[in-house]
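Have a look at the chain first, and then we'll go through it.

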Amino acid sequence: MVPRSYTAIDPDRLPDELADVLLAADHAGTALRVALDGPHAAGPDALAETLREPLLAGGRAFAHIRAETFWRDASLRFEHGRHDVTAFRDDWIDVAALRREVLGPLGPGGSGEYLPTLRDPTTNRTTREPRRTAAPGSIVIVSGELLLGRDLPFDVAIHLALGPAARARRTPEEWAWTLPAFEDYDRGVDPLATADVVVRLDDPRHPAISRLTPGGPR
């Protein structure tokens, strides 16, 4: 496999750069379905919100869904204990619900009606939020951890990459037990090879970006 090439980018320019990628992307459904994948320490939820303004300025409707609002019920997540790494890696996200309630309806042949949240990640209660109808051409970003390699039908995948040392340094102590899950993810899913866009954020003051072109090297 040809190594990816990275270009340094001003962090203030990063939202506009990612927005440009998404505004130019093709899709066949009601909305462009985007995975903004990365460990919590890389800030995927916060970065997704910074894309709102440039995407709206580009004339596209925008919606942001946090993957943690599609976690499974706590009784299932914690079946083998609160700090079970395998469960965190494989079972916390309700993949079937995310596909059924969001990605399927927004894709080709879908109704265009999607559920913006399923469950409050803090209280574990269902949110009972009503469905919304996506305008044609919308850009819907699902942000969160460990999103790739699950056969979810995203049109564009963006991965925020932190090396093991940066992850360990920037992960809060109460979440340090999850670090082995990301090492497994790097080995098994290899998001650096499979994502359409990779942003290296080991030093957030000096990010670097790699974008794939059709038929081009990864």
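## The overall build

Take the contacts (heavy atoms within 4.5 Å) between residues at least 6 apart in sequence: 74% of them join residues at least 24 apart. Bear in mind that this is a predicted model, where local features need pLDDT of at least 70 and side-chain atom pairs count only at pLDDT 80 or more, while totals for chains, interfaces and linings use all residues. Residues are numbered from 1 along each chain as its sequence is written, and side-chain values use heavy atoms, with hydrogens and water left out.

The protein has 9 helices and 9 strands; these are DSSP runs numbered from the N terminus, with helices being H or I of at least four residues and strands E of at least two. Its radius of gyration is 17 Å, which agrees with the value near 17 Å for a compact globule of 218 residues. That radius is taken over C-alpha atoms, and the globule rule is 2.2 Å times the number of residues to the power 0.38. Along the principal axes, the C-alpha atoms fill a box of roughly 45 × 40 × 30 Å.

Of the 218 residues, 47% count as buried, meaning under 20% relative accessible area, with exposed being over 50% and partly exposed in between (1.4 Å probe, protein chains only).

## Helix α6

Now for α6, residues 95-106. Its 12 residues reach 15 Å from first C-alpha to last, close to the expected 16 Å at 1.5 Å a residue; that expected span is 1.5 Å times one less than the number of residues. Which residues of α6 are buried? They are Val 95, Ala 97, Leu 98, Glu 101, Val 102, Leu 103, Pro 105 and Leu 106. The buried residues of this helix pack against four strands: β2 (31-37), β3 (62-66), β4 (113-114) and β6 (138-144).

Most residues other than glycine have a negative phi. Here are two that go the other way.

| Residue | Phi | Relative accessibility |
|---|---|---|
| Arg 128 | near 55 degrees | 73% |
| Asp 151 | near 60 degrees | 69% |

Where do they sit in the chain? Arg 128 is in the loop between β4 and β5 (132-133), and Asp 151 is in the loop between β6 and β7 (156-161). Arg 128 counts as exposed because its relative accessibility is 73%, and Asp 151 is exposed too, at 69%.
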